[in-house]
Amino acid sequence: MSTASVSFRPGAVLADLLPASRVRDIALVAGGAALTGLAAQLSVPVPGSPVPVTGQTFAALLVGTAFGARRGFLSLALYALVGMAGVPWFAGGTSGAGGASFGYVLGMLLAATVVGALARRGADRSVLRTAATMALGSALIYAVGVPYLALSTGMSFGAAVAAGLTPFLIGDALKAALAMGLLPATWKLVGRK
């Protein structure tokens with residue numbers, strides 16, 4: 001099957017443009033976990049918050065969208081499990097399940113799955129649909145991360161929102177803008193071949 005016919009097949013995600021095989025899927029899952037771990041090292045502390053700004057949320061949403069729900073979930077599950085086992089690839093070179101920001105890792109697992117399912121329905125092929133997909137993915141990350149932050153630190157929910165959501169909104173908008181340009185442009189480029 002040619003690349004052009006695969007790119008327009010209903011239900012295709014970008015990873016489906018590669019020749020199908022079990023090796024491809026294993027490589028994508030491992031690569032998605034590694035990309036998320038590397039992106040987590042792009043970490044900037046936020047004053048007054050135990051949660052840093054990182055590249056891992058962008059990587060998780062990109063992995064989910066490009067790989068689809070199943071491979072996106074497996075990539076983020078591998079990322080979480082390996083980090084819990086002690087590999088220091090969570091934000092800032094940390095590991096383990098007890099940190100205040102671990103809820104965001106769990107939220108990324110959910111978000112990658114949902115944005116991957118939406119990408120199978122074409123949600124990554126136009127700027128506006130990509131924006132909505134990234135906004136929903138970010139909201140899912142916060143829906144798990146902020147309550148976990150409150151519970152793990154003893155903060156009130158309002159304080160957790162102030163420390164674990166509000167300071168990140170501008171960065172999330174920038175990440176969404178990057179995805180809005182990157183994903184639809186990739187589909188257009190592939191469609192020309």
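Predicted model: local features only at pLDDT ≥ 70, side-chain atom pairs only at ≥ 80, totals over all residues.
Helices here are DSSP runs of H or I with at least four residues, numbered from the N terminus. Just after H4, Gly86 has a positive phi of about 120 degrees.

Now the whole fold. The protein chain holds eight helices and two strands. Along the sequence they run α-α-β-β-α-α-α-α-α-α. The radius of gyration is 17 Å, close to the 16 Å that the globule rule gives for 193 residues, so the protein chain is as compact as a globular protein of that length. Its C-alpha atoms fill a box of roughly 55 × 35 × 20 Å along the principal axes.

Next, contacts and burial. Take contacts between residues at least 6 apart in sequence: 68% of them join residues at least 24 apart. Of the 193 residues, 46% are buried. The protein chain exposes about 8,900 Å², and carbon and sulfur atoms supply 74% of that area.

Which residues of H4 are buried? They are Arg71, Gly72, Ser75, Leu76, Ala77, Tyr79, Ala80 and Gly83. These buried residues pack against three helices: H2 (22–40), H3 (56–67) and H5 (102–119).

Key:
Residues numbered from 1 in each chain as written. Heavy atoms only, no water. Rg over C-alpha atoms; globule rule 2.2 N^0.38 Å. Buried < 20%, exposed > 50% of the residue type's maximum accessible area, 1.4 Å probe, protein only. Contact = heavy atoms within 4.5 Å. Areas by Shrake-Rupley, 256 points an atom, 1.4 Å probe, with all protein chains shown as cover.
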